[in-house]
Amino acid sequence: MLVLGVDPSTVATGWGLVDGDSRAARAVEWDVIRPSTRLALPERLATIYEAISDLLGRSPAPDVCVLESPFVSKNAKTALALGQVRGVVVLAAVRRGIPLAEYSPAEIKRATVGYGAAGKEQIAAMIARILAIRETPPSDAADALGAAWCHLSHAARPARPAPVSP
């Protein structure tokens, strides 16, 4: 399974492509989209949309696009901007017919490090180890790779049986 993980941000949107399954996965590539901070938010959103759309349009296309679910922010302006970045990523995936999945930051950290309150450095170090990456990726890209790895970990679990009615 080819999974595109995305860590959305208006300043540094990390992304990472992971191929395989929970037993044998490899990082294909990763990077960080850094729109110029001199651009107004709409232009930054367009830059992020175009970059993610290009990634989703590659051959072979990812089987799924994974996002970190939003966390509660004390700053409403930051939360609104983050929601807009998530919106352009969702739009890019939907327009390409790529299914979406999302996991909470704690779920991603538990899947990657085994601890739901792990720090960015711990995530980057563990994702490098799990995916056999020689150099630790930048934290935004590592978070995206962690989201992709989380999806592979969850995809390997058998579905829970439906509850039986009395």
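Arg86 is situated in helix H2, which spans residues 76-96. The model discussed here is predicted.

- A polar contact of 3.3 Å links the side chain of Arg86 to the side chain of Glu102.
- Beyond its neighbours within four places in sequence, Arg86 is in contact with Pro8, Leu67, Glu68, Ser69, Pro70 and Glu102.
- Glu102 belongs to strand S5.
- When neighbours within four places in sequence are set aside, the contacts of Glu102 are Leu67, Ser69, Pro70 and Arg86.
- Glu102 and Pro70 are 32 residues apart along the chain, and their C-alpha atoms are separated by 9.2 Å.

**Overall fold**

- The protein chain contains 5 helices and 5 strands.
- In sequence order, these elements follow the pattern β-β-β-α-β-α-β-α-α-α.
- The radius of gyration of the protein chain is 16 Å, which agrees with the value near 15 Å that a compact globule of 166 residues would have.
- Along the principal axes, the C-alpha atoms fill a box of roughly 55 × 45 × 35 Å.
- Of the 166 residues, 42% count as buried.
- Among contacts in the protein chain with a separation of 6 or more, 60% are between residues 24 or more positions apart.

**The sheet**

- Five strands form an open sheet in the order S3-S2-S1-S4-S5, and their pairing is mixed.
- The edges are held by S3 and S5; each has a single partner strand, so one side of each has no neighbour in the sheet.
- From one strand to the next, the twist averages 20°.
- Strand S1 (residues 2-7) runs parallel to S4, and 4 bridges join the two.
- Within this pairing, Val6 stands opposite Leu67 in S4.
- Helix H5 packs on the sheet and touches S1, strand S2 (13-20), S3, S4 and S5. The direction of H5 makes about 35° with that of S2.
- S4 and S5 are also parallel, with 4 bridges between them.
- The bridge partner of Cys65 in S5 is Leu100.

**Nonpolar cores**

- The largest nonpolar core comprises 21 residues, and those with the most contacts inside it are Val18, Val66, Leu131 and Leu145.
- At least two residues of this core come from each of strand S3 (25-33), strand S4 (64-68), strand S5 (100-103), helix H4 (120-130) and helix H5 (139-155).
- Helix H5 gives the most to this core, namely 7 residues.
- Another core, of 19 residues, lies apart from the largest one and includes Leu45, Val85, Val88 and Val89.
- Leaving out neighbours within four places in sequence, Val18 is in contact with Met1, Leu2, Val3, Ala25, Arg26, Ala27, Val28, Leu131, Leu145, Ala148 and Leu152. Of these contacts, Leu131 and Leu145 are also listed with Val18 among the residues that have the most contacts inside the largest core.

**Arg110 in helix H3**

- Arg110 is found in helix H3, which covers residues 105-112.
- The relative accessibility of Arg110 is 48%, so the residue counts as partly exposed.
- Apart from neighbours within four places in sequence, Arg110 is in contact with Tyr115 and Gly116.
- Arg110 and Leu80 are 30 residues apart in sequence, and their C-alpha atoms are 26 Å apart in space.

Methods: Residues are numbered from 1 along each chain as its sequence is written. This is a predicted model: local features need pLDDT of at least 70, side-chain atom pairs count only at pLDDT 80 or more; totals for chains, interfaces and linings use all residues. Side-chain values use heavy atoms; hydrogens and water are left out. A nonpolar core is a set of buried Ala, Val, Leu, Ile, Met, Phe, Trp, Tyr and Cys residues joined through side-chain atoms within 4.5 Å. Buried means under 20% relative accessible area, exposed over 50%, partly exposed in between (1.4 Å probe, protein chains only). Contact means heavy atoms within 4.5 Å. A polar contact is a pair of N or O atoms within 3.5 Å; within protein, one must be able to donate a hydrogen and the other to accept it, and residues adjacent in sequence count only if both atoms are side-chain atoms. Two strands pair if DSSP finds at least two bridges between them. Axes are lines fitted to C-alpha atoms, for helices over the stretch in contact, and angles run from 0 to 180 degrees between N-to-C directions. The radius of gyration is taken over C-alpha atoms; the globule rule is 2.2 Å times the number of residues to the power 0.38.
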